[in-house]
Amino acid sequence: MSLSTSPSGSIDLDDYDRKILRALQASADYSMADLGNLIGLSHTPCWRRLKRLESEGIIRGKVTLLDSSKVGMNVVVHGAVRLTGHQVETLRAFEEGIQDIPEVLECYASTGDCDYLLKVVVNSIEHYERLLNERLRALPHVASIRSNFALKQVKYTTELPL
C-alpha cells in the first residue's frame, strides 16, 4: 500500500506517519522497538510504515548533525547572487557549478532583487574572501554577489512542523 498524493503534489500522511516523522526528526537513533512504543505501534507495523515513508521519498536520509562552531566552521555567510541573464542554459550552468562548492550548504532559486540565495559556512572571513574571489565569482554567469555575515545564530532546526 502506498501513500496517497494530494492535488498539491504533497503526500497525505496519517497520525501514525506524522508521529514517526516527528520522532525521527528529533532523533534518528531510536530502535524499531523504541520507536514503535513511542508512537503506539508494534514493531512490524512501525517498520512497514517507516519503509513506506522511505520508499515514497518522504524520508530522504538519516544524518548526524554537527555543531559547526565546534569543528571550526563558525562563520556563516548568506549570499545573494544575481546572474547576467535568465536563460535556461544560464540558470542550469550556475546550478551545476554551485554543486561543486562544499562550503555552500544551501542554495535556493529566489524571487526579488536576486536570483539565488546561498548559505555558506567557512572557518574565517579570509576563507570566505578566497572562496568568493576564486570560486563563487568564477561560477558561470555571475553578475554580482551581496554577502551578509551572520552575527549569531538565534534559531536553528532541521525539524519540519508536522
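Patches are built from residues with over 30% relative accessible area and no salt bridge, where like charges are joined within 9 Å and nonpolar side chains (Val, Leu, Ile, Met, Phe, Trp, Tyr) within 5 Å; accessible areas come from the Shrake-Rupley method with a 1.4 Å probe, and for residues only the protein chains shown count as cover. In these terms, Val63, Leu65 and Tyr156 make a nonpolar surface patch of about 340 Å². Leu65 sits in the loop between α3 (43-55) and β1 (75-83), with helices (H or I, at least four residues) and strands (E, at least two) taken as DSSP runs numbered from the N terminus.

The model is predicted, so that local features need pLDDT of at least 70 and side-chain atom pairs count only at pLDDT 80 or more, while totals for chains, interfaces and linings use all residues. Residues are numbered from 1 along each chain as its sequence is written, and side-chain values use heavy atoms, with hydrogens and water left out.

Two packed helices are described by the angle between their axes and the distance between the axes. Here axes are lines fitted to C-alpha atoms, for helices over the stretch in contact, and angles run from 0 to 180 degrees between N-to-C directions.

| Helix pair | Axes come within | Crossing angle |
|---|---|---|
| α1 (residues 15-26) and α3 | 10 Å | roughly 75 degrees |
| α2 (residues 32-39) and α3 | 9 Å | roughly 95 degrees |

α1 is therefore roughly perpendicular to α3, a term that covers angles of 65 to 115 degrees. Their contact (heavy atoms within 4.5 Å) involves Tyr16, Asp17, Ile20, Leu21 and Leu24 of α1 with Cys46, Arg49, Leu50, Arg52 and Leu53 of α3.

α2 and α3 are likewise roughly perpendicular to each other, and their contact is formed by Met32, Ala33, Leu35, Gly36 and Ile39 of α2 together with His43, Cys46, Trp47 and Leu50 of α3.

A salt bridge is a side-chain nitrogen of Lys or Arg within 4 Å of a carboxyl oxygen of Asp or Glu, and the count by this rule is seven. Asp14 and Arg49 form a salt bridge through their side chains at 2.9 Å, N to O. Because Asp14 lies in the segment before α1 and Arg49 in helix α3, this pair ties together parts that are 35 residues apart in sequence.

Terms used: Angles under 35 degrees count as roughly parallel, over 145 as roughly antiparallel, 65 to 115 as roughly perpendicular and the rest as oblique.
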